[in-house]
Amino acid sequence: MSGDKSVDNPRIFASDQNFASMNRVKLSQGRYIDENDVKTRANICLVGEDIAKRLFPDQPVIGKYVTFSGMTAEVVGVFDRVDI
């Protein structure tokens, strides 16, 4: 959720700095989680393109904040859309 916008039933995954090497997903914006983020337990997240467009239409996404499961996290990356 961000401001007055929300997304029903988003898929949420916990991850670490190994996510990029273990999964074949690319970023359209921003960066992946790194070792320092894990060490400092940074409240950051990556979102998919669909979520980014729903929550922040026509706005930059990187640096914005989202709240989920009672936690607020800064968006540091946006995944490319994966069509299955």
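Some ground rules come before the tour. Residues are numbered from 1 along each chain as its sequence is written, and side-chain values use heavy atoms, with hydrogens and water left out. Because the model is predicted, local features need pLDDT of at least 70 and side-chain atom pairs count only at pLDDT 80 or more, while totals for chains, interfaces and linings use all residues.

**Strands around S4**

Helices (H or I, at least four residues) and strands (E, at least two) are DSSP runs, numbered from the N terminus. Two strands pair if DSSP finds at least two bridges between them.

| Strand paired with S4 | Bridges | Direction |
|---|---|---|
| S1 (residues 27-30) | 3 bridges | antiparallel |
| S2 | 5 bridges | parallel |
| S3 | 4 bridges | antiparallel |

You can pick out one residue pair for each of these. Gln29 has Val78 in S4 as its bridge partner, Ile44 stands opposite Glu74 in S4, and Val66 stands opposite Ala73 in S4.

S3 and S4 form a hairpin with 2 residues between the strands, and there Ser69 takes a positive phi near 50°. Ser69 sits in the loop between S3 and S4. For accessibility, buried means under 20% relative accessible area, exposed over 50%, and partly exposed in between (1.4 Å probe, protein chains only). Ser69 has 73% relative accessibility, so it counts as exposed.

Most residues other than glycine have a negative phi. Asp58 is another residue other than glycine with a positive value, its phi being near 55°. Asp58 is in the loop between H3 and S3, and at 86% relative accessibility it counts as exposed.

**The largest pocket**

How much space lies in the largest pocket? About 1,400 Å³. A pocket here is an open set of points on a 1 Å grid over the protein atoms alone, where a 1.4 Å probe fits, with protein on both sides within 12 Å along at least five of seven lines; lining residues have an atom within 4 Å of a point. Grid points are joined across faces, edges and corners, and the volume is the space filled by probe spheres set on the points.

There are 41 residues lining this pocket, and the closest to its centre are Arg11, Phe13, Leu46, Val47 and Phe79. Helix H2 (35-39), strand S2 (44-48), H3, strand S3 (65-68) and strand S4 (71-79) each supply at least two residues of the lining. By type, the lining divides into 24 nonpolar, 7 polar and 10 charged residues. In that tally Ala, Val, Leu, Ile, Met, Phe, Trp, Tyr, Cys and Pro count as nonpolar, Asp, Glu, Lys and Arg as charged, and the others, Gly among them, as polar.

**An aromatic pair**

The structure holds 1 aromatic pair. The rings of Phe19 and Phe79 have their centres 5.7 Å apart and their planes at 55°, so the pair is tilted. For reference, rings of Phe, Tyr and Trp (its six-membered ring) pair if their centres lie within 6.5 Å; planes under 30 degrees apart count as stacked, over 60 as edge-to-face and the rest as tilted. Phe19 lies in helix H1 (residues 19-22) and Phe79 in strand S4, so the pair ties together parts that are 60 residues apart in sequence.

Contact means heavy atoms within 4.5 Å, and the partners below leave out neighbours within four places in sequence.

Ser28 lies in strand S1 and is partly exposed, with a relative accessible area of 35%. Ser28 touches Glu49, Val78, Phe79 and Asp80. The C-alpha atoms of Ser28 and Asp80 are 5.1 Å apart, although 52 residues separate the two along the chain.

Asp37 belongs to helix H2 and, at 8% relative accessibility, counts as buried. Asp37 is in contact with Arg31, Tyr32, Ala42 and Ile44.

Arg54 is in helix H3 (residues 49-55), in contact with Lys5 and Val7. From Arg54 to Ser6, 48 residues apart along the chain, the C-alpha separation is 7.8 Å.
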